[in-house]
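Welcome to this structure! Here are a few friendly notes to read with the model open beside you.

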Amino acid sequence: MAVVQVSLLAIAVIGVFVPRLPSWLVPVAAAVVLLLTGGISFSAGSEVLEPLVAPLAFLLLAVPLAVMLDRVGFFSAAAALIDRGRDPRLGLWALAASVTTFLNLDASVVLLTPLYIRFARRHGLDARLLAFQPVLLACLASSALPISNLTNLIAADALDIGFEDFLLRLGPASLAAVVVGWCFYRRLPGSTDRPVPVHEPVDRRALRLGLPIVVFVILGFTVGDALGIKAWMVALVADAVLLLMTRDLRWGDFPWGAAGLAVGLGLLAAAAAPHLGIDRAFDDGGWLAQLRTTLLAMAAADTINNLPALLISLPGLESGSDHVWPLLFGVNFGPIFVLHGALAGLLWRDTAARLGVQVSAWEYTRVGLRVGTPALLAGLAIVLATGALVD
C-alpha cells in the first residue's frame, strides 16, 4: 500500500502541470482513488482535512473580497493615486506587496496582474515586465502574516502559531526581501524606461467605498487574531458589506479549483508522508540545520509544488520547533524560481495569457533568478539571525 500511496501523490503532482487540464482534476481524482482503495480511511481523511477547513474557508472568501473591491473600483483608484508619483512603478511594487501581505498572494496575482498590464499599455511600458510585479511579490511578501499565504494559514492552524509569531519571525525577512527585490527588479532590461504621462482623475467615490473596508479587513486580520477571531470570519463580514454595495457576486468568483487542489493534495500527502522519512530532516538543531531545512523546502516546492511540500512536512514538526520558520520561508520563497512551484504562479500565467501577455517557464525562471536570488540571501540571513536571537 505504501507504493500505491506514494505513487498516487506523484501522479497527482505531475497532473497539476498537464496542459489543458484543470490543475485540480488529477489531484482530486487521485484522492478519490486513494479513498476507494483504502489507502486512507474516511475517518483518517476527515482528521487530515480538519486543519484545512479554516484556511480553505479564508481562501474561498478572500478572493471574492478582492474581486468585489475591484468591481467597486478601489484598485483602479489606488493605481491612479499612485500614478501621480515620479516613478509609479515603485508605488505599484508597494501596492502589490501590501495586497499580498494583507489580503493574500492569490488575490494579488488574480486582480493586480490585469491592472498592471493595463497600466503598462496606457503608459507605453513593457506589459510583460510590469506584469511580473504581482507574481514576484507573491513570493517575496507572502510570509509576514498568517493570511498572506495558504501555507501560512495551514501551518498556523496545525501548529497553533499566532499573528505576532509570524510578524516577529518572518516579518523582517519578508520586508528585506521586498526591498532588495525592488533594487534588483529595477536592474532588469526595460525597467528604467520613462512612462508616457497620463493624467487620469482619481475616483474619490471608489476610495470612499473601498478604503473603510480595507481598513476593517487589515484590523480584523491583525487585532482580530489576537482576540481569537478567525480570518475567514473577517472576510465573510467584508464580503457581505461589499455584496450589498455591488449586488454582483458570481459562482466563478470563488476559487473552487484551488480549494479542490488543496483538499486532494492534502489527503494524498498525508497518506504518503509516513513513507518519505521527512521527520528525520528536523532532528538536528542549530543554524546549519535550519539552513538545510530552508534549502530542502525550496527544492521540494520547486519539484512537487509548495502545498504538498508543506503538507508532507507538517507531521514531522511540533509547535515551537526551530525548523518551522525556515520551512515556511522555503516553501513560500521557492516558487519565485519555478513557475509551477505554487498555485499563484499558475494563476498568474493564465491571467496574463488571457490579456495577451505570454511568459514561458524559462523566462519566468530567468527573471526569478535575477530578482529572487539576492532577495533570498537577504531574507534567509534575517530568518536565521532572528531564530538565533529569539531562541
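This is a predicted model: local features need pLDDT of at least 70, side-chain atom pairs count only at pLDDT 80 or more; totals for chains, interfaces and linings use all residues.

1. As general background, nonpolar side chains in soluble globular proteins tend to be buried together.

2. Which residues does Leu103 touch, not counting residues up to four places away in sequence? The list is Phe58, Leu65, Ala66, Phe75, Ser98, Ile147, Val217 and Phe221.

3. Now follow α3 to where it meets helix α6, residues 105–122. The two axes come within 9 Å and cross at roughly 30°. Because angles under 35 degrees count as roughly parallel, α3 is described as roughly parallel to α6. The crossing of α3 past α6 is right-handed.

4. What do the two helices bring to this meeting? From α3 come Leu59, Val63, Ala66, Val67 and Asp70, and from α6 come Asp106, Ala107 and Leu111. Sorted by class, this contact has six nonpolar residues, two charged residues and no polar ones. Ala66 of α3 takes part here, and Ala66 is also on the list of residues touched by Leu103.

5. Is Thr113 buried or exposed? Its relative accessibility is 0%, so Thr113 counts as buried. Leaving aside neighbours within four places in sequence, Thr113 is in contact with Ser108, Ala131, Pro134, Trp348, Thr351 and Ala352.

6. Finally, turn to helix α14, residues 287–304, and helix α15, residues 306–313. Their axes come within 7 Å and cross at roughly 130°, which means that α14 is oblique to α15. Here too, the crossing is right-handed. On the α14 side, the contact is made by Ala300, Ala301 and Ile304, and on the α15 side by Asn306, Pro308, Ala309 and Ile312. By class, the contact of α14 with α15 has six nonpolar residues, one polar residue and no charged ones.

Conventions. Residues are numbered from 1 along each chain as its sequence is written. Side-chain values use heavy atoms; hydrogens and water are left out. Contact means heavy atoms within 4.5 Å. Axes are lines fitted to C-alpha atoms, for helices over the stretch in contact, and angles run from 0 to 180 degrees between N-to-C directions. Helices (H or I, at least four residues) and strands (E, at least two) are DSSP runs, numbered from the N terminus. Angles under 35 degrees count as roughly parallel, over 145 as roughly antiparallel, 65 to 115 as roughly perpendicular and the rest as oblique. A crossing is left-handed if the near helix is turned anticlockwise from the far one by less than a right angle, and right-handed if clockwise. Ala, Val, Leu, Ile, Met, Phe, Trp, Tyr, Cys and Pro count as nonpolar, Asp, Glu, Lys and Arg as charged, and the others, Gly among them, as polar. Buried means under 20% relative accessible area, exposed over 50%, partly exposed in between (1.4 Å probe, protein chains only).
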